[in-house]
Amino acid sequence: MAQVFLGVGSNTDREKYIRAGLEAIAESFGWRQRSRIFRSESVGFSGSDFYNLVVEVETSRSVTEVLAECKRIEQQNGRVPESAKYSPRTLDIDVLLYDDVIRAQQPQLPRAEILENAFVLWPLAEIAGDLLHPVLEVSYQQLWEQYQESNKQAPQQLEPLENTGWL
């Protein structure tokens, strides 16, 4: 069984689509754990704030099959295929990690956004802090601490949502 981490986000009817996404992920893969939900600013475009979290699943499916299932779940929840990268999303599910697989083709693993965006790195560090980045061989907790230190001047606005009664 492969250990897979998925980034889940929405900035359109966020509660509805995060809940629907988690239910579909549970149906398709089951999930072991999830981070808290974080509210973050839109990155790359002007739009509503996102809700983001990271979910850990175990699966016997290949990387390609996991990616295809994530795309199916997105489309089932109103995501338009081939929509612009920086645009509003009903549901966005990204394969962040698949065991220690390293690959350049789609899906890129580990996903570059892990190191670039607080809304990916903080929730990943929250549930997999001791796990090592397969390229850098540094724990996600250490990467999160380094990220915070290096982005003090211009931090991404990110806050954990506490006690989300809708989930």
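Is Tyr147 buried or exposed at 10% relative accessibility? Tyr147 counts as buried, where buried means under 20% relative accessible area, exposed over 50% and partly exposed in between, with a 1.4 Å probe and protein chains only.

## Basis of the model

This is a predicted model, in which local features need pLDDT of at least 70 and side-chain atom pairs count only at pLDDT 80 or more, while totals for chains, interfaces and linings use all residues. Residues are numbered from 1 along each chain as its sequence is written, and side-chain values use heavy atoms, with hydrogens and water left out.

Helices (H or I, at least four residues) and strands (E, at least two) are DSSP runs, numbered from the N terminus.

## Aromatic pairs

Aromatic pairs in the whole structure number 3. Rings of Phe, Tyr and Trp (its six-membered ring) pair if their centres lie within 6.5 Å; planes under 30 degrees apart count as stacked, over 60 as edge-to-face and the rest as tilted. The pair of Phe38 and Trp122 is tilted, because the ring centres are 4.7 Å apart and the planes stand at 55 degrees. Phe38 is in strand E3 and Trp122 in helix H4, so this pair links distant parts of the chain, 84 residues apart. Phe38 is buried at 0% relative accessibility, whereas Trp122 is partly exposed at 22%.

Trp144 and Tyr147 form a stacked pair, with ring centres 5.6 Å apart and planes at 15 degrees. Both residues lie in helix H5 (residues 140-150), 3 residues apart, which is about one turn of the helix. Trp144 is buried at 8% relative accessibility. Ring pairs join Phe38, Trp122, Trp144 and Tyr147 into a cluster.

## Salt bridges

The whole structure holds 9 salt bridges; a salt bridge is a side-chain nitrogen of Lys or Arg within 4 Å of a carboxyl oxygen of Asp or Glu. One of them joins Glu58 to Arg32, with the closest N and O atoms 3.0 Å apart. Glu58 belongs to strand E4 (residues 50-59) and Arg32 to the loop between helix H1 (14-28) and strand E2 (33-34), so the bridge ties together parts that are 26 residues apart in sequence. Glu58 is partly exposed at 32% relative accessibility, and Arg32 is exposed at 51%. A network of salt bridges links Arg32, Glu56 and Glu58.

Glu126 and Arg36 form a salt bridge, their closest N and O atoms being 2.6 Å apart. Glu126 is partly exposed, with a relative accessible area of 32%, and Arg36 is partly exposed, with 29%. Arg39 and Glu159 meet in a salt bridge at 3.3 Å, N to O. Arg39 is partly exposed at 24%, and Glu159 is partly exposed at 40%.

## Nonpolar core

A nonpolar core is a set of buried Ala, Val, Leu, Ile, Met, Phe, Trp, Tyr and Cys residues joined through side-chain atoms within 4.5 Å. The largest one has 25 residues, of which Val4, Leu6, Ile25, Val66 and Val95 touch the most other members. Strand E1 (2-10), H1, E4, helix H2 (63-76) and E5 each supply at least two residues of this core. H2 gives the largest share, 5 residues.

## Surface patch and other sites

Ile102, Leu115, Val135 and Leu136 make a nonpolar surface patch of about 340 Å². Patches are made of residues with over 30% relative accessible area and no salt bridge, like charges being joined within 9 Å and nonpolar side chains (Val, Leu, Ile, Met, Phe, Trp, Tyr) within 5 Å; accessible areas come from the Shrake-Rupley method with a 1.4 Å probe, and for residues only the protein chains shown count as cover. Ile102 lies in the loop between strand E5 (92-98) and helix H3 (113-116) and is exposed at 53% relative accessibility.

The charged end of Arg14 sits over the ring of Tyr51, 4.1 Å from its centre (the criterion is NZ of Lys or CZ of Arg within 6 Å of the ring centre and within 35 degrees of the ring normal). Asn11, in the loop between E1 and H1, is buried, with a relative accessible area of 6%. Asn11 and Tyr147 are 136 residues apart in sequence and 24 Å apart in space, C-alpha to C-alpha.
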